[in-house]
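Here's a quick briefing to read with the model open beside you. Take a look at the structure, then work through the points below.

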Amino acid sequence: MDFKSMKNYLYWLYCQFELITCSYLMEPWEKLLFYTFNIAMLVTVLYTAYIFVPGHVSAAFDFFLRLFGNQHENTVSVVK
C-alpha cells in the first residue's frame, strides 16, 4: 500500500469520525475541547485497564482453579 492511498484512507476515517460524532458542526475551540476530553477519557480507561485488569484476571483464575479442585499446596510441607 503506498503512502498516498494510506493518507487518503486515514483522511476518510477522520471524515467518518466527524460525521458520526457531528463534530464537523463545531467551531475550532469546541472541537479542541471535545477532542481533549475524549482523548483524556481514552487514556484514563487504558491506564485503568493496564493497572487493574491483570489483578482481576489473576484473582478470577485463582478462584476457578480452587473451585474445580486444583488446590494450591501449602508452603510448609510436612516431612515424613
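The structure holds four aromatic pairs, where a pair means rings of Phe, Tyr and Trp (its six-membered ring) with centres within 6.5 Å, called stacked if the planes are under 30 degrees apart, edge-to-face if over 60 and tilted for the rest. One of them is Tyr9 with Trp12, a stacked pair at 6.0 Å centre to centre and 20 degrees between the planes. Keep in mind that this is a predicted model: local features need pLDDT of at least 70, side-chain atom pairs count only at pLDDT 80 or more, and totals for chains, interfaces and linings use all residues. Residues are numbered from 1 along each chain as its sequence is written, and side-chain values use heavy atoms, with hydrogens and water left out.

**Aromatic pairs**

- Tyr9 and Trp12 sit three residues apart in helix H1 (residues 3-21), about one turn of the helix; helices (H or I, at least four residues) and strands (E, at least two) are DSSP runs, numbered from the N terminus.
- Phe17 and Tyr35 make a tilted pair, 5.9 Å centre to centre with 35 degrees between the planes.
- What does that pair tie together? Phe17 lies in helix H1 and Tyr35 in helix H2 (residues 28-67), so the pair links parts that are 18 residues apart in sequence.
- Phe17 is partly exposed at 35% relative accessible area, and together with Phe34 and Tyr35 Phe17 forms one aromatic cluster.

**The loop between H1 and H2**

- Cys22 lies in this loop and has a phi near 60 degrees, a positive value in a residue other than glycine.
- At 40% relative accessibility, Cys22 is partly exposed.
- Setting aside neighbours within four places in sequence, Ser23 is in contact (heavy atoms within 4.5 Å) with Glu18, Lys31, Phe34 and Tyr35.
- Lys31, in helix H2, is buried too, at 19% relative accessibility.
- Lys31 touches Tyr14, Glu18, Ser23, Tyr24 and Met26, leaving out residues up to four places away in sequence.

**Surface**

- Met6, Tyr9, Leu10, Trp12 and Leu13 make a nonpolar surface patch of about 490 Å².
- Patches are made of residues with over 30% relative accessible area and no salt bridge, joining like charges within 9 Å and nonpolar side chains (Val, Leu, Ile, Met, Phe, Trp, Tyr) within 5 Å; a salt bridge is a side-chain nitrogen of Lys or Arg within 4 Å of a carboxyl oxygen of Asp or Glu.
- Met6, one of the patch residues, is found in helix H1 and is partly exposed at 37%.
- The accessible surface of the protein chain comes to about 7700 Å² (Shrake-Rupley method, 1.4 Å probe; for residues, only the protein chains shown count as cover), and 71% of that surface belongs to carbon and sulfur atoms.

**Whole chain**

- The protein chain has two helices and zero strands.
- Of its 80 residues, 5% count as buried.
- An unreviewed UniProt entry annotates residues 32-53 as "transmembrane region"; UniProt positions are given in the numbering used here, feature names are shortened, and annotations may be inferred rather than shown by experiment.
- Residues 32-53 are 100% helix and 0% strand, and their end C-alpha atoms lie 31 Å apart.

Notes:
Buried means under 20% relative accessible area, exposed over 50%, partly exposed in between (1.4 Å probe, protein chains only).
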